[in-house]
Amino acid sequence: MRLLLSFVVLAFGLLASADPVLSAYRVHERRAHIPTGWSYNRKHDSSAVIPLRFALKQNNIDAIGDYLNEVSHPESTEYGKHWTAGEVFRKFSPSTETIGAVRAWLEENGFDASRAKLTRNRGWIEVQVTVEEAERLLQTEYHVYGHETGHEHVACDSYHLPEHVQPHVDFVTPTVHFDAKILKRSGSGSTDGVGRSIGQPGSGAHPKTTGEIQTLLNELEACDQQITPICLRALYGLVYEPLAASKNSYGIVEYTPQAYLQSDLDMFHGNFSDGLVGVAPYMVSIDGGYAQTEYTGFDYNGESDLDLEYGMNLVTAKQQVTLYQAGDMVEGASFNNFLDAIDGTYCTYEGGDDPTQDGVFPDPYGGGYEGPEDCGTAKPTNVISTSYAYNEADLTPSYTARQCSEYAKLGLMGVTVLYSSGDYGVAGNGGYCLTANGSYSLNGTIFNPSFPGTCPYITSVGATQVNPNSTVLQPEGACEQVIYSGGGFSNYFAMPSYQQTAVEYYLTNYYPQYPPDIWNSSGMSRGYPDISANGANYVVAIDGQFELVYGTSCSSPVSGAILTMVNDARLAVGKSPIGFINPTIYSTDFAGAFNDITMGGNQGCGTAGYTSVPGWDPVTGLGTPNFPKLVARWLLLP
C-alpha cells in the first residue's frame, strides 16, 4: 500500500541527476502560512549557529503497508506472525547509498566528515552551521517568529535540495516546521503554561465537563443521564474475567502536566470496583514524566483520571494497567518522544526526533529533566490507547508520514494502537477550521482533519451516546452532547486497501452534499474514524468530586480495554495478540461484529458535518464493539 497522496510524494522530488554537481535545486518543503498565534519578528542573525539535521530516507518504507497487511489480514497465511524489533530494523534502516549521497553533497559544499556527522542510529546527518551557511546550502532565508506567549522560534518559508539528493532525504530541520508545544512565558517566574505539548491544557484536545454531579445514578435505567461501568458492560456485552493476565498488557499514555490523583482513583473504585481501591497503575516514566500534584483541577487531572478509572475497571483488578507518563513539567513531550521510549528501532535505528516538534532531552532550556533521553527503555504493551491529537494541518506531510510509519512498525510487532478521533466534528482542535490560504480560523469553512487519526496504521476511535430518554437496549447515536465525534477524510494520506470497499460504499450511497473545496472529495483519501464507543455523560472522580465528562477521550480507553480482553482470550489458548486490527475489522469475516450507528452527525465549520448511516461513515466508523461477537471471531483466527 503506497499511502501518501501523490502530491506528497512529488514533494520529495523523485527525479535524479546523473551529475551531482550540476543537479538542479528543487523546492523540498514549503509552508503556506504562519500558524495561529505566531507572527514574524525579524530576519535571523547570519552569524548565529543552528543545528542543521537531515532526516535520511528509510529503506523499503513504501512497502511497509504491504508488510503490515501480511501479518494483519485474516485471509493471509502470515496472520499473527508478528516481527521482532530486529527484523523491523533490518528491513527499514537507511541504505548505504542514501547515507553516501547526502554525505557527498555536503562535502562538495564544504562540510566534510569532521562537521557533517552521521548519528549512531544511521538515521540523521547533523552539521552545526551558521545561518548564512544554512541559507546558502538550502537556498532559503531564516527568520525569527514570536508566539503570543513570548516564545520564539527559528524557521523559513521553504527550502530547496538538489534533485539527486531529494530522494534520500525525508526533511531537514530547522526549516518550515513550527513547535507543537509552548514553553513558559518569557520573563515569567511562574510555571503557568509549562509542559504545554499536544493535548495538554490549552490545546483544545482534552475532554470536556459540565461540572459536578450532585447525585450518582448507578443504574442501567439512567445510562442516558450518567454513564458508569455497568452501562458500558451492558452496551458492549463485556462480561468477562481475565484468564491470561500475566501474559497480557494494556497501556494508557498521558503527557505531563496531565496526571492522575490516587485519591480520585480510590474514590471512583470505592463506588464502582472495590477490588481496585488502593491499586495504582504501573507507571513507566518517559523523559522525566511523573504523576505531578503541583497543579490540580479538571485541565490537569481530568484526562488521566478518566482514562485510568475506566481502563482499570473494565479490564478488572486481575489485569495490570501500564501508565506511560511522558515528559517533564518544562519541556513536555510529543508523540515521538513516547515512541522513542517504547521502540528502540525508532530512535536507535530510524532517525530520531525532529527538535522543532519533539521534546529535546536533556532539557536545553534548563529547569527540566536532565537525564538522557529515554530510547527503547519501555516495552510496548499489547494495546496502547492515547486520547490526545494534533490537527493534521499542524504538521508537514513528511513529518506525519514518518510518524505514521512508526505506528506501522508497532503493528508489525503485534501492538494495537488506538487514538481518539477528536471532539469538534469536522473541525480541528478548539473548533478551528481551515481557510482557503491554509490558515486556521474559527470562521473557516474548510474541514480540518485530525492526526494521528488519519494515519492508516492506527485505529481511530469516535464517540457515541445513549440518546436522551433511551436505554442501553436501544441503538446508540453519534455523540451530539457537548462534543461531536471527530471524523472525515485525510488531506495527506491515501485510502488504505482494507477500507476501500466500506468507504466506497459510503461515497456511492451517501455522498456528502458539500462543495468539493471544503472537504477531500477525491474518493481516494483515508477516512476516519474506524470504530467508536460511548463518549457522553461519563461519571468521573476528579479532584475529590464526581463530574460529568464528555469526549472521544472516553471512547478510546474503553475500546482499548475491550480489545485487551479479546487479547486475553486469544493468549489463554496460546494464540498471538490481535495487533493491528483494521484489516480484520473491515473484512467480510467481521461483518456485523460492531453495532452499526445510524443516527446523528458531527457538525463543524459552519456545516452539519457528516451523517451516521448504515455501514461505515466518517462519524462513528464501523460502529461500537460487540464483545461476544468480536471475541468469538478473533478466536477463530490463527
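The side chain of Asn467 makes a polar contact with the side chain of Gln465, at 3.1 Å. Keep in mind that this is a predicted model. Asn467 lies in the loop between strand S20 (459-465) and strand S21 (477-478).

**Around Asn467**

- With a relative accessible area of 14%, Asn467 is buried, because the cut-off for that label is under 20%.
- If you set aside the neighbours within four places in sequence, Asn467 is in contact with Asp224, Pro475, Glu476, Gly477 and Met599.

**The sheet S2-S6-S7**

- Three strands make up this open sheet, in the order S2-S6-S7, and their pairing is antiparallel.
- Strand S2 (38-43) and strand S7 (152-155) stand at the edges with a single partner strand each, so one side of each has no neighbour in the sheet.
- From one strand to the next, the twist averages 35 degrees.
- Strand S6 (residues 143-147) pairs with S7 over four bridges, in the antiparallel sense.
- To find your place in this pairing, look for Tyr145, whose bridge partner in S7 is His153.
- Gln139 sits in the loop between helix H5 (131-138) and S6.
- The phi of Gln139 is near 50 degrees, a positive value in a residue other than glycine.
- Gln139 is partly exposed, with a relative accessible area of 41%.

**The sheet S10-S26-S25**

- This open sheet also has an antiparallel pairing, and its three strands come in the order S10-S26-S25.
- The edges are held by strand S10 (208-212) and strand S25 (538-542); each has a single partner strand, so one side of each is left without a neighbour in the sheet.
- Neighbouring strands here are turned against each other by 40 degrees on average, direction ignored.
- S25 and strand S26 (residues 545-550) run antiparallel and are joined by five bridges.
- Within this pairing, Val539 has Leu548 in S26 as its bridge partner.
- Helix H7 (residues 262-272) packs on the sheet and touches S25 and S26, and the direction of H7 makes about 135 degrees with that of S25.

**Helix H7 against helix H8**

- H7 also packs with helix H8 (residues 298-315), at an angle of about 35 degrees and with the axes 10 Å apart.
- The two helices, H7 and H8, cross in a right-handed way.
- On the H7 side, the residues that meet H8 are Asp264, Leu265, Phe268, His269 and Phe272.
- On the H8 side, Asp305, Leu308, Glu309, Tyr310, Met312 and Asn313 meet H7.
- Thr316 lies in the loop between H8 and strand S13 (321-326).
- The phi of Thr316 is near 75 degrees, which is positive in a residue other than glycine, and Thr316 counts as buried at 11% relative accessibility.

**Helix H13 against helix H15**

- Helix H13 (residues 552-572) and helix H15 (residues 627-636) pack at an angle of about 35 degrees, with their axes 10 Å apart.
- The crossing of H13 and H15 is right-handed.
- H13 brings Ile562, Leu563, Met565, Val566, Ala569 and Arg570 to the meeting with H15.
- From H15, the residues that meet H13 are Phe627, Val631, Trp634 and Leu635.

**The buried face of H6**

- Helix H6 (residues 229-236) has Pro229, Cys231, Leu232, Leu235 and Tyr236 buried.
- Looking down the axis of H6, these buried residues fall within an arc of 155 degrees, so they line one face of the helix.
- Gly237 follows H6 and has a positive phi, near 65 degrees.

**Two cis peptide bonds**

- The bond from Thr173 to Pro174 is cis, with omega near -10 degrees, and Pro174 is found in the loop between strand S9 (169-173) and S10.
- The bond from Phe451 to Pro452 is cis, with omega near 10 degrees, and Pro452 is found in the loop between strand S19 (450-451) and S20.

Methods: Residues are numbered from 1 along each chain as its sequence is written. This is a predicted model: local features need pLDDT of at least 70, side-chain atom pairs count only at pLDDT 80 or more; totals for chains, interfaces and linings use all residues. Side-chain values use heavy atoms; hydrogens and water are left out. Buried means under 20% relative accessible area, exposed over 50%, partly exposed in between (1.4 Å probe, protein chains only). The arc is that of the directions from the helix axis to the C-beta atoms. Two strands pair if DSSP finds at least two bridges between them. Axes are lines fitted to C-alpha atoms, for helices over the stretch in contact, and angles run from 0 to 180 degrees between N-to-C directions. A polar contact is a pair of N or O atoms within 3.5 Å; within protein, one must be able to donate a hydrogen and the other to accept it, and residues adjacent in sequence count only if both atoms are side-chain atoms. Contact means heavy atoms within 4.5 Å. A crossing is left-handed if the near helix is turned anticlockwise from the far one by less than a right angle, and right-handed if clockwise.
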